[in-house]
Structures are given as structure tokens and as C-alpha cells.
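Please walk through this protein chain with the model open beside the text.

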Amino acid sequence: SRVFFVPTLPSGKMVAAIVTALLAVPILCSPDAHAFIAAPPTASRVPSLGRRRVIVAPVSAAAATAIGSLTATATPENTYLFRDKFNIHAEISGPKSGQPVLLVHGFGCSTTYWRATMSALVDVGYRVHAIDLLGQGKSDKPGRAEGVEYSINLWASIVDDYARDVVAKERRNGPGTAGGGGGGLFDGLFGTAKNSKNDGIILIGNSLGSLVALSAALGDHVDSDDDGPATAAYLPGRVKGLCFYNCGVGLNSRGIISEPQWSPVQRFLFTAVLNTLDLVLFKNPPVLTYLLNEVVTKDLLRGALEGLYRYDPTRVDDELVDSFYYPAKEEGAPEALGQIYTNDPGLSPTDLHAKYSDMAESLAIHLIWGDDDAVTPLAGG
């Protein structure tokens, strides 16, 4: 990629973070706690990929303006129809001829926290797509009554379908349309054949969104056999590169229980804590609904976000606070949250690499981690 970022996460007290998360769901994984700073690279700025932190110049003032004003071709808001019934909020900006990039947010967040990143990418010529995952942000929040079980692979399916039905259609036929399901399979879109990466899509994910992007790139979201993903997956072979900021390890924290660093006693205690939280809160719809609707306030969210934005607390403005506050008040938000916290965590990045080792090792992956990330620390997380 020609644009580099500085993600910085605070070393907040985890007990306080967990208590805050019970009241304000989007905070726990807080991908918006990063300080994204970007500029067109020069020879002196291009870093080694082995470094964990990249320091570059700040975004220009023009790039920090509203996304829609950056380019005459921008279409700031669209709705993608997933499975012909669920509305997925999307924002698209940048020149239509630019390299396509798809941004995938982390848990509880939305396209809003990508605003500086989108501006920076558009400023140097990328065609940028960002979506709100199902159950998050401005997208629909269905539940089991509508046949929805939240999982990494569900979200990966959305990313895969969106790339096929919107990004691909736009690149081949001109301006994309917002409706899903009608685009068909454009096998020659990114290059002359499926396995051509000369003009592939770049997937950028943060926290949980990184795992979603990886699953989509490998095709794990479709039914597969021991030989690899089924041919129904669109993105495998069409991904030019992946960029992960503080990559998450699963849909929720339950997958950590099986990691080898824990002793049997620690594993038992961790399981007991999670089971208690599930019983008291996340599998208790009346309590969870009451907390989200009556206890979560804008002031509470603002204070929690400012604590996470140690790099620059002034970035916590009304737009950012509102992007967390209003989705938590929508019908369906309590069940979506409860499912995310209690459903099967799915495969970790390590598991996916082992399952699709040949394909994974062929992908260009840029990993960036905040030195002080207390939520998904690079070591021991």
C-alpha cells in the first residue's frame, strides 16, 4: 500500500474497560481508539514492514474535510441488500479508476471511525469502500427470528458478496449500484482471470474486522471440504493484499480459553467469569435492553472514548460519539450484542492459516499493531 497509518491503543485498566463494555458495547474492542495518520509516501517515509509502528506526516487539511467533497465522483452513502433482505450501510468515495480498497471495521463500530483513513486514501487516488457489518452501525440488526446467527463467517459472506456485487460491478461496468444480488459473477474483474492479482482488491480490517477480512480472502465462509474453500467464494484469488490493524482473535473472547499459555486454574476461572457474564447479562435480554436503552448515555460514551484516545482525545467529537450511541438504541441491538458475546468465536487467525496454509502464505499481508494495545496485545493476547 502507498499509505501508512499510526494505530495507537491505550493501556487502559481492563477491569474498568469490561465494566464500561457492559454499558457501552462498542468500547471494548474500540478500533476507533487508533490515531490514523496518513500521507503520500516519499522514499524517506517508506518503512520496513518489520516495524510495528510507522510514523508519517499528518493528513492535509483538505483531506480532513467531508468525504463527499473530496471528489466529484464520490457517492458517500449507499445501501447494499444482503441476501435480498438485509440492508448493509456502505460509503463509497474516491475516483472510480482508483485501486479498490474495502474497509472492514471492528466490533461495535461503523464506517464513521474510518473517516480519517478514507480521507487519506481518497487523497492519494484510491477508490474506497467501507461497510457497516450486519448488526452494527447503520446496518440492519436482525436476530434469530429472521434466521440470523452472528459469526465471523456471516460477516465474511457479506464482505465477499459486496466485493462481487458492488466493487466488481463498478469496476467492470462503471458506477456501481446499491442493490445486491443482481451483479452475477465477474470472473475477469480483477485481472484477466480469477487468480490474477494485478488489479485485485485490497482488504483493510481492524481488530475483529481483520479476522473477517482474512476469512473472506480465504473463502472459509462457504461450505468447504478438506481440499479448501468451495468455488462459490468470490474473493479467493482476487485479493491483492490485506492490511490488519491489531488483528482480533475471534468473534468474542471465548476462543482465548483454549490457548496454551493458560494454566488449568486460569482456564477454569476465565470460563467461570464468561459463563457468569452470559447468564447475568448477555443471555438476559431484559437486563441487556435496559442497560443499552436507559443506562448508556452520550456523556458515558464520550468519557470512555476519551480514555481510549490517549494519542489525541480531541478526536472524540459529536459525530464519533453519535456513531456509537444511536446504533446501541436501535431495535435488534440487544440481541445482536448478546449473540456476538456468546456465539461460537470461530477460527482464530492461526487456525485459518493452518487450515489454508498454501493460500494464506501466498497472500500479501501487512500487520500493524499498537505498542500499548491492552485489548488485543501483540504478546499474550
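**An enclosed helix**

Helix α9 (residues 333-342) is largely enclosed by the rest of the structure, because nine of its ten residues are buried. Buried means under 20% relative accessible area, exposed means over 50%, and partly exposed lies in between (1.4 Å probe, protein chains only). Helices (H or I, at least four residues) and strands (E, at least two) are DSSP runs, numbered from the N terminus. The buried residues of α9 are Ala333, Pro334, Ala336, Leu337, Gly338, Gln339, Ile340, Tyr341 and Thr342.

The model is predicted: local features need pLDDT of at least 70, side-chain atom pairs count only at pLDDT 80 or more, and totals for chains, interfaces and linings use all residues. Residues are numbered from 1 along each chain as its sequence is written, and side-chain values use heavy atoms, leaving out hydrogens and water.

Now the whole chain. It has eleven helices and nine strands. Of its 381 residues, 53% count as buried. Contact means heavy atoms within 4.5 Å. Among contacts between residues at least 6 apart in sequence, 74% join residues at least 24 apart. The chain exposes about 16000 Å², and carbon and sulfur atoms supply 56% of that area. Accessible areas come from the Shrake-Rupley method with a 1.4 Å probe; for residues, only the protein chains shown count as cover.

Next, the interior. A nonpolar core is a set of buried Ala, Val, Leu, Ile, Met, Phe, Trp, Tyr and Cys residues joined through side-chain atoms within 4.5 Å. Which residues touch the most other members of the largest nonpolar core? Trp155 and Leu203 do, in a core of 83 residues. Helix α3 (residues 152-173) gives this core its largest share, eleven residues. Look around Leu203. Leaving aside neighbours within four places in sequence, Leu203 is in contact with Leu102, Val159, Ala213, Ala217, Leu235, Val239, Gly241, Leu242 and Cys243.

Cys243 counts as buried because its relative accessibility is 10%. Cys247 is also buried, with a relative accessible area of 7%. How many disulfides does the count give? The count comes to zero, where a disulfide is a pair of cysteine sulfur atoms within 2.5 Å.

Stay with helix α3 for a moment. Ser157 lies in this helix. Ser157 counts as buried because its relative accessibility is 12%. Not counting residues up to four places away in sequence, Ser157 touches Phe82 and His221.

Turn to the charged pairs. Side chains of opposite charge can pair when their charged atoms come close. A salt bridge is a side-chain nitrogen of Lys or Arg within 4 Å of a carboxyl oxygen of Asp or Glu. The structure holds eleven salt bridges. One of them joins Arg115 to Glu319, with the closest N and O atoms 2.8 Å apart. This pair links distant parts of the chain: Arg115 is in helix α2 (residues 115-123), Glu319 is in helix α8 (residues 318-329), and 204 residues separate them. Arg115 is buried at 19% relative accessible area, whereas Glu319 is partly exposed at 45%.

Glu330 pairs with Lys141, and here the closest N and O atoms are 2.7 Å apart. Again, distant parts of the chain are linked: Glu330 sits in the loop between α8 and α9, Lys141 in the loop between β4 (127-131) and α3, 189 residues apart. Glu330 is partly exposed, with a relative accessible area of 32%. Lys141 counts as buried, at 9% relative accessibility.

Arg164 and Asp165 also meet in a salt bridge (2.9 Å, N to O). Salt bridges that share partners join Arg115, Asp317 and Glu319 into one network.

Asp373 lies in the segment after β9 (365-368). Asp373 is buried, with a relative accessible area of 5%. The C-alpha atoms of Asp373 and Asn246 are separated by 7.7 Å, yet these residues are 127 apart along the chain.

Val265, Phe268 and Leu269 make a nonpolar patch of about 340 Å². Patches are made of residues with over 30% relative accessible area and no salt bridge: like charges are joined within 9 Å, nonpolar side chains (Val, Leu, Ile, Met, Phe, Trp, Tyr) within 5 Å. Phe268 lies in helix α5 (residues 264-282). Phe268 counts as exposed because its relative accessibility is 60%.
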